[in-house]
Amino acid sequence: MSRVATILIVDDDPTIRQNIHFILEKGGMKSAMASSGEEGLQRMRTTAFDLVLLDVQMPGMGGLEALRIMRERHPDVGVIMLSVLKDIAVAVEAMHTGALDYVTKDFSPPELIARVRKTLLQLRAGRELERLHDVEEKHIARPMVLGNSPRMRGVVQVADKIAPKPVTVLITGDTGTGKEVLARYIHARSDRKTGPFVAVNLPGIPNNLVESELFGHERGAFTGADRQKLGKFELANGGTLFLDEIGDLAMDLQSKILRALQEHEIERVGGEKPIQLDLRVICATNRDLPARVQEGLFREDLYWRLKVVPIELPPLRERREDIRDLAQHFLARAGAEHGRPAQSISDGALQMLERYRWPGNIRELENVMSRMAVVCDSQVIEETDLPYDFALAPAAKEQEIEEQSLEAAMLAFEKNFLRKALKRNNWQKKVTAEELKIGYSTLKAKLKSYGLANEDDED
């Protein structure tokens, strides 16, 4: 259940204060009262309020003066002005000063509740949009590196061409290939770049809440819907909506997505009127949508509606030319985020990264580089700093991996294990032999067979 809104009533008339208090209480809201502008400001210093109902005409500090101070000190708190008379000049000045509404005191209880709820919804929507813009600014501050391999150059060319055009885009590719990064790239180069970018991970939303999250709901639409809520479609209005893993969406919701794309309008859950929208939709999936269409798990008409511009992102193992630049980029970014000096990657370590198959794709590479920035103290990332997985993957091609014997894999593991042990002991072989509980001559023989005998030899 959502948090109950808390409202401050500021009015010098005790009868009006009590009446409004009872009306708000009936509407499911909490309220506190103050008899003057000065007292209202004092209450705001010690209590967090969502909204203030502020009388225009009060002895001492008037409502407009109190409004100016409230807007300076508490810009996140909304204010509705109350007045006995509808004075157009005062109303205009109040709205210019920052009031969200102007209500005369001849209101009916249902009217006041409706105006208060509308203002609270406006405040919540504004806060959500600010949050989305903050998220977007963080992504903008982290430059996107898509790669310079022939496959990725082709992807970028298509993205640049369609970015300014109001067409639906379907991005396909394995998990971790950077589908959201590409969607943000398209948004940043579109005419909607100043609007919000709203990303939705569909599998991350419980099935019974997906419709409400996407389309919003009206108050009372279902148990627990104690207030109106804007969905992701409305929050993305004027910008871009990114629906990740669209292939996992339930069939009953696919029809509503199709209608939203065709008619450019939605209906909130429990709503009666369609809401017109102006936004771009980019969808992504790691599923084989044609196969799901054949299986009856995905609507064919929605598939063709989404596939206006299809873009396929290749897995990282098919664009090895990009691994060096991506690794250096992620390492530099992680280092900057953790406030540590710049690091580099040795050629041997880079070759190891290039040989690895990267089942987790770019996301896995980014995680590995973040880990290196945190746990590796040296300025240069060496082969021995990388996880053991990389030593066990000497060949990138499937055929080579299949032909690799168990003995070869064990030898590769042992070589990397010994190198790590030596590095941990500053290449002191006797200390390393004692730590590993093997004979000194045995260790020397193994190091010689692996070509490690002359590395920082203290003998």
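In this predicted model, strand 8 and strand 11 (residues 280–285) run parallel and are joined by 5 bridges. Within this pairing, threonine 240 stands opposite arginine 280 of strand 11. Strand 8 is also paired with strand 7 (residues 197–201), again through 5 bridges and in a parallel arrangement. Here leucine 243 of strand 8 is the bridge partner of valine 200.

Strand 8 spans residues 240–244, and because 5 of its 5 residues are buried, the strand is largely enclosed by the rest of the structure. Burial extends to both faces of strand 8. One side carries Thr240, Phe242 and Asp244, the other Leu241 and Leu243, and all of these residues are buried.

Helix 13 (residues 323–337) packs with helix 15 (residues 361–375) at an angle of about 45°, the axes lying 8 Å apart. The crossing of the two helices is right-handed. On the side of helix 13, the contact is made by Ile323, Leu326, Ala327, Phe330, Leu331, Arg333, Ala334 and Gly335. Helix 15 contributes Ile362, Leu365, Glu366, Met369, Ser370, Met372 and Ala373. The residues of this contact comprise 11 nonpolar, 2 polar and 2 charged.

Methods
Residues are numbered from 1 along each chain as its sequence is written. This is a predicted model: local features need pLDDT of at least 70, side-chain atom pairs count only at pLDDT 80 or more; totals for chains, interfaces and linings use all residues. Side-chain values use heavy atoms; hydrogens and water are left out. Buried means under 20% relative accessible area, exposed over 50%, partly exposed in between (1.4 Å probe, protein chains only). Helices (H or I, at least four residues) and strands (E, at least two) are DSSP runs, numbered from the N terminus. Two strands pair if DSSP finds at least two bridges between them. Axes are lines fitted to C-alpha atoms, for helices over the stretch in contact, and angles run from 0 to 180 degrees between N-to-C directions. A crossing is left-handed if the near helix is turned anticlockwise from the far one by less than a right angle, and right-handed if clockwise. Contact means heavy atoms within 4.5 Å. Ala, Val, Leu, Ile, Met, Phe, Trp, Tyr, Cys and Pro count as nonpolar, Asp, Glu, Lys and Arg as charged, and the others, Gly among them, as polar.
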